[in-house]
Amino acid sequence: MTELLDKNEKKNNRIKGYAILIGILYLILQHSLYLFGHYLASWFGFTPVLPKIALDDRIPIVSAFIIPYVWSYVYWAMAPMVVSKCEKRHFADYMAANLVACLAGVLVLAFFPTYMDRVAEGLYVVPMNPTIFDRLRMFWYSLDGSEMAYNLLPSFHCLNSTLCYLGVAGRKEIPVWYRVYSFVTTILIFASTVYVKQHFFLDIVTGVALALVAYLICKKFHWGRMFTPVERVYAGWKAKKSQANS
């Protein structure tokens with residue numbers, strides 16, 4: 001009996017196959033919606049505003065922070081896979097929080113568009129002896145609007161990363177080393193958004209706040225139940241597959 005319980009516990013405390021697909025699909029979905037926010041703002045005809053405060057001018061450029069900034073995409077894709085080691089209710093609420101926060105963020109981008117003029121900010125001044133990090137930062141600018149950046153507030157880098165950490169925070173199913181890694185990585189990503197000048201300080205605040213509100217609401221009211229029909233379809237498909245193989 002003990003061996004059977006241990007076996008079931010190990011089976012439950014592992015990355016679920018469906019979470020791998022969910023992690024990849026959600027990464028594609030949230031990035032697509034993020035880009036769509038700017039097109040909505042343009043379609044509505046709203047004029048972008050500059051969400052800059054005095055503090056932003058005191059934050060230097062530290063190009064080495066481009067590494068955690070770029071690594072964030074891998075981090076986001078990994079998060080649902082790791083959280084799937086937890087109970088199904090928690091995983092469902094976690095994914096609901098991601099979806100709610102993402103949709104709310106897109107509405108803010110659409111109705112309160114923001115921008116950064118990289119030329120005016122002096123970001124296109126190449127250092128005398130540019131490092132590989134400087135070159136990577138400049139290359140990233142070229143991929144993201146070049147001289148003009150949009151979709152600043154809320155920072156989706158901070159929104160997504162906050163949820164990545166909240167999904168594993170205090171969860172005994174998740175190894176301590178990963179929880180520590182998640183916390184440190186999230187903080188580094190926060191810092192990277194302003195040190196590579198992809199965002200202003202207020203973008204961090206709004207991204208974190210939106211993620212916290214979405215997570216607390218979805219956990220309190222169990223909004224993860226919205227995925228129940230999908231879970232039933234998946235369970236039915238899995239049962240049929242099991243019967244076919246037996």
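This report covers the confidence, the nonpolar cores and the cysteines of a predicted model.

## Confidence

The protein chain has a mean pLDDT of 90. A value of 70 or more is reached by 89% of its residues.

Residues 1-9 are a stretch where pLDDT stays under 50. For residues 1-9 the model has 0 contacts beyond four places in sequence. Where pLDDT is low, the predicted coordinates should not be read in detail.

## The largest nonpolar core

The largest nonpolar core is made up of 34 residues. Inside this core, Tyr94 and Leu163 are the residues with the most contacts. Two or more residues come from each of these elements: α2 (17-44), α3 (66-83), α4 (88-111), α6 (156-166), α7 (176-195) and α8 (201-220). The biggest share is that of α4, which gives 10 residues.

Leu163 is in contact with Tyr94, Ala97, Asn98, Ala101, Ala211 and Tyr215, when its neighbours within four places in sequence are left aside.

## Another core

## Cysteines

The structure contains 0 disulfides. Cys102 has 1% relative accessibility, and because buried means under 20%, Cys102 counts as buried. Cys164 has 4% relative accessibility, so by that cut-off of 20% Cys164 counts as buried too.

Terms used. Residues are numbered from 1 along each chain as its sequence is written. This is a predicted model: local features need pLDDT of at least 70, side-chain atom pairs count only at pLDDT 80 or more; totals for chains, interfaces and linings use all residues. Side-chain values use heavy atoms; hydrogens and water are left out. A disulfide is a pair of cysteine sulfur atoms within 2.5 Å. Buried means under 20% relative accessible area, exposed over 50%, partly exposed in between (1.4 Å probe, protein chains only). pLDDT is the predictor's confidence in each residue, from 0 to 100. Contact means heavy atoms within 4.5 Å. A nonpolar core is a set of buried Ala, Val, Leu, Ile, Met, Phe, Trp, Tyr and Cys residues joined through side-chain atoms within 4.5 Å. Helices (H or I, at least four residues) and strands (E, at least two) are DSSP runs, numbered from the N terminus.
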